[in-house]
Amino acid sequence: MWKMMKRLKKLPRTASNIINKAIKKKKKRLPQPPPSPPLLPQPPPSPAKMPSSHSRPFVFPQTNSPILPDPSTFFSPGLLSSPLPTNSFFQNFVLKNGDQPEYIHPYLIKSSSSSVSISYPSRFATASFIYQTFVPDLTISSPSSPPSQSNHIISSFNDLSVTLDLPPSLRFFLVRGSPFVTASTLAGAAAPAPLSITSIHAFLSVRPNPSFTKHTFELNSGQTFLCYSSSPLRFEISGTTQLIATGGYAGIVRIAFLPDPSYESILDQFSSCYPVSGDASFSRPGCIEYRWEKKGWGDLLLLAHPLHLRLLDADSSAVLENFKYRSIDGDLVGVVGDSWLLKTDLVSTTWCSTNGLNEDGVQEIISALSKDINDLNTSPIQTTSSYFYGKAIARAARLALIAHEANFSDGIPTVLQFLRSSITPWLDGSFNGNGFLYESKWGGLVSKQGSTDSGADFGFGVYNDHHYHLGYFLYAIAVLAKFDPAWGRKFRPQAYSILADFMNLSRRSGSSYARLRCFDPWKLHSWAGGLTEFADGRNQESTSEAVNAYYSAALLGLSYGDAHLAAIGSTLASLEIAAAETWWHVREGEGMYEDGFSRENRVVGVLWANKRDSGLWFAPPEWRECRMGIQVLPLLPITEDLFRDVGFLKELVKWTLPALTREGVAEGWKGFVYGMEGVYDKENALVKIRSLNGFDDGNSLSNLLWWVHSRGEEGGVSGGWFGHYCH
C-alpha cells in the first residue's frame, strides 16, 4: 500500500565525491553584507495595480477527482457547500464506514450504527511503541425501530469541537479536553426519546441521587463513571450490562469517568455548564486564544495538555493543579474558564544565519557553491513528483541565499534563472507531466498525477502531506520573489493560492480552502495523514518539514511586505517547534513517556493521535540516522530554533552515531547527523562532511558547510540578538 511506502521519498541521490582543503580554526566572523537594493522586499504595487477587493482569489484549473471519498455520506447538507477538513481530529468519523475511534481527550470515542461508545483508555507500552487501547466502557444509543438513518451525521464542527448527530434522537457535543461527554436529545421530538446505556463490563451498582439527576455507575472493571442529567432520569436495569431509561428521556446527559474519588465534588460543581463548540483565533503575533460557546450555568471546566500549561497565560484562566486525567500526551490538568490565552516566544524568521559566517570558512563555502550552482545547468530536475520537485527547487533556493550571505554575488543570477525556469511552469500550468489542480468536493489542491491515483505523489491527491510538498514550493517562491520582485508580483496570486491550501484562516462559507488544513489548533502541531482511515487517528512523521512549511510562509510574507502573513507563519512555526520539543524529542527521565520507551529512543518515529511509534513509514526503528534526519531536514536557519536545546541535541547525536556503522547507510542521512554534530563539535563535523560522497536531494555540500561555519561558539543565539539582550 502506498502509505506503507510513504517515506521512500527521503533516500538521497548520489553526487560526485567532493574534496575540500582543511582550514584553520579562527574566531573571527564575516560581517553580514549590506543587501543591495534588488535583495530588499519590495513595496506592494501602487493602488492602480492592486487587484480589486471584490475580485475572486486565483484558483488553479479545476478537476473532478474520482478517487476522493464522498463527503455527503457523513456531513450534513448545509456543510457541503463549503470546504471540508481533510486532517481533522475527527477525520475517522467521515471516512469509509465512519466507525474507527478518534481520541478526543481524555476519551477514545467511537460511533457505530446508531450508538456512540466511550472509552477511558488504558495504555500499553514497550521500548518500541506506546498505544492506548479502545474498550467500549459505556455505549449510549437511542434505539428506534427501524432506525431512521444507518450512520451518524456531522452537523457542525470547528477548531475545538465537533457535533455528531444520531438521527432522529441524539446529538453529541464532542469538545476536546472536556472531562464530560455531553449528549442532548434533538429538538423537535414529539415525545421523550428512547435512551440506552450499555457496557462491555458488568454494572455492579447504579446509584441515583435523590432527584435522579446524578447516577454513579460502578463497573466490574474497577471503573466508576458519573452520569448527570438536566431532568430526572430513571433507569431500568436489563441484565448486568444494559440500562434503559424508563419512559424515555428528553434533555441533557453528561457522562464523566472518575479517576479519583476526590474529584467527584469538582465534577459535581462543574456538571451544569457544558460547551457546545469552541474556536481558536490568532489575535496577535505569538498568541492563540480559545473561546468556547457554553450553555447551562456556572463556570466551564476543561482539561489542558502539557504544552497548553506551558503556554497558558496565568491571568486568562484558573488551573486546578490537582485535578488530572492521564493521556498519551501527558497528564491533562483542569482549567476553569470559557476562554484561554496561550502565548509562545516567536522564533526569529530570518533569511540567513543568526550569527553570520566564520570568515575562515567563506572560501570553502564559495568553492562548494561554485560547483553546486554549476551543476544546476548540467543536472536539470528529472522528477515530476510534487514532493521531490519541491525539494529540488528549495535546495536551489538555498544556494542563492548562501551565496548572498557569503558575498558570492556572481553565483546568484544562475540560481535565479534556474528557479524561474523551474517554478514558473507549475504556476502557469505548462509543466509537462504534473501540476496543481483545484477540486471542490473537499476544497483544495490536488496534483494532476494524484487526482487519478491515490498512490501518486505520496498521496497528495487524497490530501496527504500537503504542508510538506507545498512548504518546499513556498520556500523557493519566497526566495525568488525576494531577489526578483517583478516575477514575484506577476505570480503572487498563484503563490497565495498555494499558501491558502494549508494556511487558510477563513471561516467564511465562500472560501476556496479548508481552514488550517494541517495545523491542529488544540494539539498545536500539524497532522499529515489526509483522507485515509487509520485505527490510531491522524499522524505526523517529520516535524522539521512541518516547521519548514510555516517558516516558508513567513518568508513569503517578508518578500511581499505582508506583515500579517509573516506574523502568522512565525506563530505557527513557533508552536510547531514547541510541540516537537514536547512530544517528538524524547528525553530520558522527563516523564512524558514510559521508562522503557524513553530509555531506548531520542525521537519518536511517527506520532499518532493515539500511538507513539519508533519506526518510520520507510525505515525500521534501528535506522536511527533516518529517524534523526527526518526530524532535521531541510537544514535551514530555523533549524537552530528547532534544536535550541543543545544538551538534548548532543544526546540525540550520541544516540544516532552508532547506527552509521551499519552497512548500506546512505550518505544523505549521514550529512544531517554530521551537521547536527557541528553545532557543538565543528572541527570533527567538518572532517566528516568533507568526506561525504553524496547528499540528500534537498541538501548540498554548500548547505552543510554554511550550517557548520555559521555556528556560534556554544550553538549560537536562538531567537535573535534583540531577544537575547533586551527581553
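Trainee: How many aromatic pairs does the structure hold?
Mentor: Rings of Phe, Tyr and Trp (its six-membered ring) pair if their centres lie within 6.5 Å. This is a predicted model, where local features need pLDDT of at least 70, side-chain atom pairs count only at pLDDT 80 or more, and totals for chains, interfaces and linings use all residues. Side-chain values use heavy atoms, leaving out hydrogens and water, and residues are numbered from 1 along each chain as its sequence is written. The number of aromatic pairs is 47.

Trainee: Nice! Are the rings of phenylalanine 217 and phenylalanine 235 stacked or edge-to-face?
Mentor: Planes under 30 degrees apart count as stacked, over 60 as edge-to-face and the rest as tilted. The two ring centres are 5.9 Å apart and the planes stand at 70°, so the pair of phenylalanine 217 and phenylalanine 235 is edge-to-face.

Trainee: Is tyrosine 389 buried or exposed?
Mentor: Buried means under 20% relative accessible area, exposed over 50%, partly exposed in between (1.4 Å probe, protein chains only). Tyrosine 389 has 4% relative accessibility, so it counts as buried.

Trainee: Which ring does the charged end of lysine 523 sit over?
Mentor: The test asks for NZ of Lys or CZ of Arg within 6 Å of the ring centre and within 35 degrees of the ring normal. For lysine 523 the distance to the centre is 4.4 Å, and the ring belongs to tryptophan 583.
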